[in-house]
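Below is a brief report on selected local features. Look at the sequence and the fold, then read on.

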Amino acid sequence: MNLILDMARGIAALLVFLFHVRGGFEASMPVLADIVRFGSLGVPLFFVISGYVISASAEATLRKGESAGAFLKRRFLRIFPPFWLSILVVLAVPYVLAAISALKSGMYEMPEPRFLALGAIDWLQLVSLVKVFMAVGDDLQGQFNQVNSVYWTLAIEFQFYLCVYLALLFRAHFRLIIALVSGASLLLLAWPLPLNSGLFIHFWPMFAVGIALQYLSLNGWQAARIFPGKSRIVAALGVVLILGSLLQLAYLGSLADVLERFFPSASLGFALVCALVLWLAAPFGEGLEAAREGGNRALRWLLKPAAYLGVISYSVYLLHGIIVQLPGMIVRQILPASNPLNPLLSVAATLALCGVFYTWAEKPFMSKRQRAINATLLEDERDSAAG
């Protein structure tokens with residue numbers, strides 16, 4: 001399941017990335033531009049994966065007798081140091097772009113990015129992520145637009161971690177507390193209350209979907225058990241049917257409408273559908289791991305980059321919308337917007353730059369176990385490229 005989750009995490013990051021740069025595909029790849037209009041739904045997928053991984057981590061914390069503080073420390077290091085370092089990159093990009101332009105024009109024009117208007121209190125709220133609570137209405141993204149709009153989800157994500165941490169403080173009642181929070185979040189869907197829009201509870205149902213998926217797996221309720229002997233066939237047909245339907249609905253522009261027709265919201269509906277796909281795909285986990293290590297060469301070439309994209313997904317998520325301006329500026333000088341290679345090269349170069357950021361700014365703050373897993377994926381990716 002680890003490889004499947006990594007691949008799903010990479011897909012989520014890529015969906016959000018393509019959503020933000022979809023305008024670059026309209027001239028050369030209009031079909032793709034139509035499909036990725038719904039790329040923002042990568043965020044619910046992130047929340048589902050997070051719910052699965054964090055609840056599994058919490059259960060491991062309980063089994064090993066580790067403290068709730070140790071859990072929170074790992075989560076803090078996973079979120080905040082790369083986030084803070086990404087801010088430095090964001091602040092530098094406008095000046096780097098101006099320097100690149102100066103190489104052509106011969107004159108350096110000092111940029112005036114929007115973040116210069118932020119005061120000391122604004123910056124304190126931003127780096128601590130409490131700025132999410134300053135939103136008027138539901139515009140959480142707007143609180144971070146002057147620096148990097150995607151940061152709002154980090155604020156929600158860390159609130160998830162804090163909630164799990166508080167539940168871990170009451171070890172004997174951990175599962176009960178998580179169940180009560182999940183129940184309260186569902187009641188809030190049915191009977192909304194005028195709570196601050198930046199509170200995690202509004203987004204917890206998507207996180208809870210991932211938690212439920214993890215506990216189904218933990219208790220043996222997997223596709224292989226429900227469909228003994230035919231799990232791979234049923235899973236393959238289910239995954240193909242669901243993904244094919246999602247792509248068709250996205251192309252037709254009716255994906256959100258269909259999801260909202262059957263679920264309380266498009267985001268929660270997409271989260272549930274993604275969880276179903278992950279549940280169905282679980283029987284393929286071991287086979288995919290084996291194929292990545294020594295299976296068909298063509299399949300290895302597909303699996304290793306997909307897994308590595310999952311490894312660097314947090315870095316991609318943090319920086320894609322800002323970093324893409326650098327290769328985009330260069331590619332525009334070489335290829336017209338009507339050439340499909342124009343946006344594709346910009347995306348590929350951005351992913352490469354995010355990989356560099358991952359190596360220097362994200363990887364050092366991971367736990368030893370996670371670094372070992374990711375180092376193996378990175379080595380495999382390099383071997384694949386060299387071969």
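Contact here means heavy atoms within 4.5 Å. The model is a predicted one.

**Around S55**

By that definition, S55 touches S50, I211 and Q214, leaving aside residues up to four places away in sequence. S55 sits in helix α3, which spans residues 42-64. Is S55 buried or exposed? S55 is buried, because its relative accessible area is 5% and buried means under 20%. Its side chain has polar partners. One is the backbone oxygen of Y52, reached at 3.0 Å. Another is the side chain of Q214, in a polar contact of 3.3 Å.

**T153 in helix α6**

T153 belongs to helix α6, residues 151-169. Its relative accessible area is 6%, so T153 is buried. Which residues does T153 touch, not counting those up to four places away in sequence? They are V43, F47 and Y317. For a distance along the fold, take P194. T153 and P194 are 41 residues apart along the chain, and their C-alpha atoms are separated by 20 Å.

The loop between α5 (120-127) and α6 holds L129. L129 is not a glycine, yet its phi is positive, near 70°. L129 counts as buried, because its relative accessibility is 4%.

**Cysteines**

How many disulfides does the structure hold? The count is zero. A disulfide is a covalent bond between the sulfur atoms of two cysteines. C163 is buried at 11% relative accessibility. C354 is buried too, at 0%.

V31 lies in helix α2, residues 30-35. With a relative accessible area of 45%, V31 is partly exposed, because that class falls between the 20% limit for buried and the 50% limit for exposed.

**Accessibility at a glance**

| Residue | Relative accessible area | Class |
|---|---|---|
| V31 | 45% | partly exposed |
| S55 | 5% | buried |
| L129 | 4% | buried |
| T153 | 6% | buried |
| C163 | 11% | buried |
| C354 | 0% | buried |

How values were computed. Residues numbered from 1 in each chain as written. Predicted model: local features only at pLDDT ≥ 70, side-chain atom pairs only at ≥ 80, totals over all residues. Heavy atoms only, no water. Helix = DSSP H or I, 4+ residues; strand = E, 2+ residues; numbered from the N terminus. Buried < 20%, exposed > 50% of the residue type's maximum accessible area, 1.4 Å probe, protein only. Disulfide = S-S within 2.5 Å. Polar contact = N/O pair within 3.5 Å; in protein donor to acceptor, adjacent residues only side chain to side chain.
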